[in-house]
Amino acid sequence: MEPDGAPTSSVGQTCDVGKLIKQGAEARVYSTTFMGRPTIVKERFKKKYRHPTLDKKLTHRRTTREVTAILRCRKSGICTPTVYFVDYESHRIYMENIENSTTVRDYIASEQKETQETNPETLVSLAQKIGTLLATMHDNDVIHGDLTTSNMLLRQPVDSSSPVVLIDFGLSSVSGLHEDKGVDLYVLERAFLSTHPNTENIFEHILVTYRKKSKKSSDVLKKLDEVRMREIGRASCRERV
């Protein structure tokens with residue numbers, strides 16, 4: 001069922017901004033070229049159930065937040081797609097298409113299958129890269145909001161020098177609150193362990209590196225523990241009900 005207010009175009013269809021490759025509840029993603037460069041266009045569409053003035057304000061704010069988060073990350077040395085152009089009238093972000101890449105999700109599955117190990121050494125190295133990236137991002141007060149291994153890319157061929165490229169900042173924000181950063185880590189932890197079973201040791205390497213690299217890690221990791229305990233309490237209440 002399509003989200004209310006979503007366009008009727010289907011994946012694979014070509015329109016004025018390129019070929020539709022993904023449709024979500026908030027935006028459409030197209031593949032095209034811009035100034036001769038392979039480009040991804042992210043377009044937030046109108047929500048018919050919202051008042052037009054409110055919809056325009058909210059969409060503008062979310063587009064601005066996403067671009068701000070990407071630029072903050074790039075300024076701090078984190079690899080993200082390059083933003084080529086932003087059209088605030090059509091709510092479209094034109095950004096670099098990271099070609100010849102694989103998601104961290106697929107890479108982890110591939111390494112586990114190839115080595116027949118749950119926690120091969122290559123994944124320890126990857127975990128350290130992710131921990132460093134998250135520490136830098138949070139020290140610059142960027143909250144990603146949707147940290148999963150599907151939103152992290154590795155350029156191919158993958159080797160020890162391959163940086164992790166962070167994508168999809170659609171739920172991002174700027175915040176200095178330790179609570180927000182702890183929740184960000186918790187979202188990744190839940191996504192990581194549910195997608196990649198028996199990788200608790202690998203995720204622990206992410207947190208160990210985060211602790212070493214982040215200037216504010218102590219307070220953030222305390223908040224992570226608090227978020228975990230709250231979620232355990234909520235789960236227990238649901239079971240009793």
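This is a predicted model: local features need pLDDT of at least 70, side-chain atom pairs count only at pLDDT 80 or more; totals for chains, interfaces and linings use all residues.
**Exercise 1.** Which exposed residues does the face of H2 turned away from its buried side carry?

*Solution.* Helix H2 covers residues 104-115, and its 12 residues reach 16 Å from the first C-alpha to the last, which is close to the 16 Å expected at 1.5 Å a residue. Next come the residues of H2 that are buried, namely Val-104, Tyr-107, Ile-108, Glu-111 and Gln-112. Seen down the axis of H2, these buried residues fall within an arc of 130°, so they line one face of the helix. The face turned away from that buried side carries Lys-113 and Glu-114, both exposed.

**Exercise 2.** Identify the elements against which the buried residues of H2 pack, and state what follows the helix.

*Solution.* After H2 comes Gln-116, whose phi is positive, near 60°.

**Exercise 3.** Describe how H4 is arranged relative to helix H5, and list the residues that make the contact.

*Solution.* The axes of H4 and H5 (residues 200-213) come within 10 Å and cross at roughly 160°. Because angles over 145 degrees count as roughly antiparallel, H4 is roughly antiparallel to H5. The crossing of these two helices is right-handed. On the H4 side the contact is made by Lys-181, Leu-185, Leu-188, Glu-189, Phe-192 and Leu-193, while H5 contributes Glu-200, Ile-202, Phe-203, Ile-206, Leu-207 and Tyr-210.

Key
Residues are numbered from 1 along each chain as its sequence is written. Side-chain values use heavy atoms; hydrogens and water are left out. Helices (H or I, at least four residues) and strands (E, at least two) are DSSP runs, numbered from the N terminus. The expected span of a helix is 1.5 Å times one less than its number of residues. Buried means under 20% relative accessible area, exposed over 50%, partly exposed in between (1.4 Å probe, protein chains only). The arc is that of the directions from the helix axis to the C-beta atoms. Contact means heavy atoms within 4.5 Å. Axes are lines fitted to C-alpha atoms, for helices over the stretch in contact, and angles run from 0 to 180 degrees between N-to-C directions. Angles under 35 degrees count as roughly parallel, over 145 as roughly antiparallel, 65 to 115 as roughly perpendicular and the rest as oblique. A crossing is left-handed if the near helix is turned anticlockwise from the far one by less than a right angle, and right-handed if clockwise.
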